[in-house]
Amino acid sequence: MTSEKTKRPKAQLQDKNIEVLSMPGLSVNLRHAGENLELAASGTLKAACSPILKKINSRLKEEKPALIEEDRVIASAWLPPIPGPVFKRLIFAEMQIALGKYIPETVSIELTRQNSSRYPPGTVVADELDTGTVERIIDEALESGTFIITFTENDPLLREEVFELIRYVDKKRAIVNCSTWGTDFSGENASRLKEAGLHSLMVGIYSTDPEKHDAARKSEGAYKRAVSAIKLALEAGLMVVMTTHASPSNLQELPALYALASELGVQEFSIWEAMPKNRHEPALTDEDRKSILEMYHRINASQDGPRMFANTYFEGQMLGAMEGRRWMHITADGDVKPGPYPPFSFGNIKEESLKNTWQKIRNYSYFQKPKSLSPMHDPEFLEFVDRIPAGAKLPYPFEKVCER
């Protein structure tokens, strides 16, 4: 089965000229240019936003979007709808970045360490962020210019407050994504997510072989639950992304995983590079990345099947490495990191503001350098990882291994 939403032609927006942004010195419109959609800017501030518009136009021209509706297009689940108030914030953020002021465009938040059973409503778990603190993080993120809030790691849907927290995010300022293992997922959960205003649900599947997926999740029946979650979410009208991690050991499985995503009818198939914990673990090579990029371009050039996202392209060629530059991550314990993978803390959100901890990250010269590789794939960053004492509690204070 292929979702009709993945096959809608771009012609649905033909002959329309939709205002995306209008402000003194800058106007941006979404229009149909021949067979393609494009964003066009005019005004004295045109040059400041031209780099990001050029990149997005390149994607709109060369790739199918995740979803096209009557009056908007969603290029990817990892981007806000065009047009819309959140996309305006993306343009503002990119204009500031073009001027050298980096903004945490994406803030990902861990809600729980749970992945096996749902907490009863109101349960307080030692050290995990309470609801009030998560709401403060959201408020401070939005004030900092964030336009993507992601609830991630383990299974956020096992915390009952997740629905309240998704609803709490001002949808005129940010889209909200949420991942799930499908651990305790139901049609009711899907409807509640839809009603709360979730932008997209991310469901991870690591192999088309149920036994391999269950082994990766260390949970019997995990594959069946994940597939069920995808089907229930689609039935509820949610945009669904089937995600996986690419490692040297499973590259050959990616075509079969895409075929499964097509069969299920999701709007996007998302590949993230698996991150080694240190330089001694197996990691993707440049040849592996070339293979992923070939698959990415081939799939997105076809009008059939779901769109493919690959951080190999998004971070490697489009925007550069995002962790500590456009992205920050908060653990369930409140530690602030540049992203989920680096084993370093830059403070704790229970004790400091998001603004201060972001500034700490930005003050280090490493994060001021443009990079095309994520930190845990970057030999320069792995030198810092090598300095962590054996047996040290993680995440480790970055200040102890690197001077500003």
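**Notebook: sheet, helix pair and single residues**

I began with helix α1 (residues 46–62), which lies across β2 and β3 and runs at about 175° to β3. The model is predicted, so I kept to its limits: local features need pLDDT of at least 70, side-chain atom pairs count only at pLDDT 80 or more, and totals for chains, interfaces and linings use all residues. Residues are numbered from 1 along each chain as its sequence is written, and side-chain values use heavy atoms, with hydrogens and water left out.

My terms are these. Helices (H or I, at least four residues) and strands (E, at least two) are DSSP runs numbered from the N terminus. Axes are lines fitted to C-alpha atoms, for helices over the stretch in contact, and angles run from 0 to 180 degrees between N-to-C directions. Contact means heavy atoms within 4.5 Å.

**Sheet**

I traced an open sheet of three strands in the order β1-β2-β3, with antiparallel pairing; two strands pair if DSSP finds at least two bridges between them. I noted β1 (17–23) and β3 (36–42) as the edge strands, each pairing on one side only. The twist averages 15° from one strand to the next. I then looked up the pairing of β1 with β2 (residues 26–33), which is antiparallel over six bridges. Methionine 23 stands opposite leucine 26 in β2. Helix α2 (residues 85–98) also packs on the sheet, where I found it touching β1, β2 and β3, its direction making about 50° with that of β1.

**Helices α6 and α7**

I looked up α6 (residues 210–217) and α7 (residues 222–235), which pack at an angle of about 100° with their axes 7 Å apart. They are therefore roughly perpendicular to each other (angles under 35 degrees count as roughly parallel, over 145 as roughly antiparallel, 65 to 115 as roughly perpendicular and the rest as oblique). Pro210, His213, Asp214 and Arg217 of α6 make the contact with Ala222, Tyr223 and Ala226 of α7. I sorted these residues into four nonpolar, one polar and two charged (Ala, Val, Leu, Ile, Met, Phe, Trp, Tyr, Cys and Pro count as nonpolar, Asp, Glu, Lys and Arg as charged, and the others, Gly among them, as polar).

Lysine 218 lies in the loop between α6 and α7. I read a positive phi of about 55° there, although lysine 218 is not a glycine. Lysine 218 is exposed, at 78% relative accessible area (buried means under 20%, exposed over 50%, partly exposed in between, with a 1.4 Å probe and protein chains only).

**Arginine 289**

I placed arginine 289 in helix α9 (residues 286–301). Arginine 289 is buried, with a relative accessible area of 11%. Not counting residues up to four places away in sequence, arginine 289 touches Glu273, Leu284, Thr312, Leu373 and His377. I found a polar contact of 3.3 Å between the side chains of arginine 289 and histidine 377 (a pair of N or O atoms within 3.5 Å; within protein, one must be able to donate a hydrogen and the other to accept it, and residues adjacent in sequence count only if both atoms are side-chain atoms).

Tyrosine 396 lies in strand β16 (residues 396–397) and counts as buried at 13% relative accessibility. I noted a C-alpha separation of 6.2 Å from proline 343, 53 residues apart along the chain.

The peptide bond from leucine 394 to proline 395 is cis, with omega near 0°. I found another cis bond joining isoleucine 82 and proline 83, with omega about -5°.
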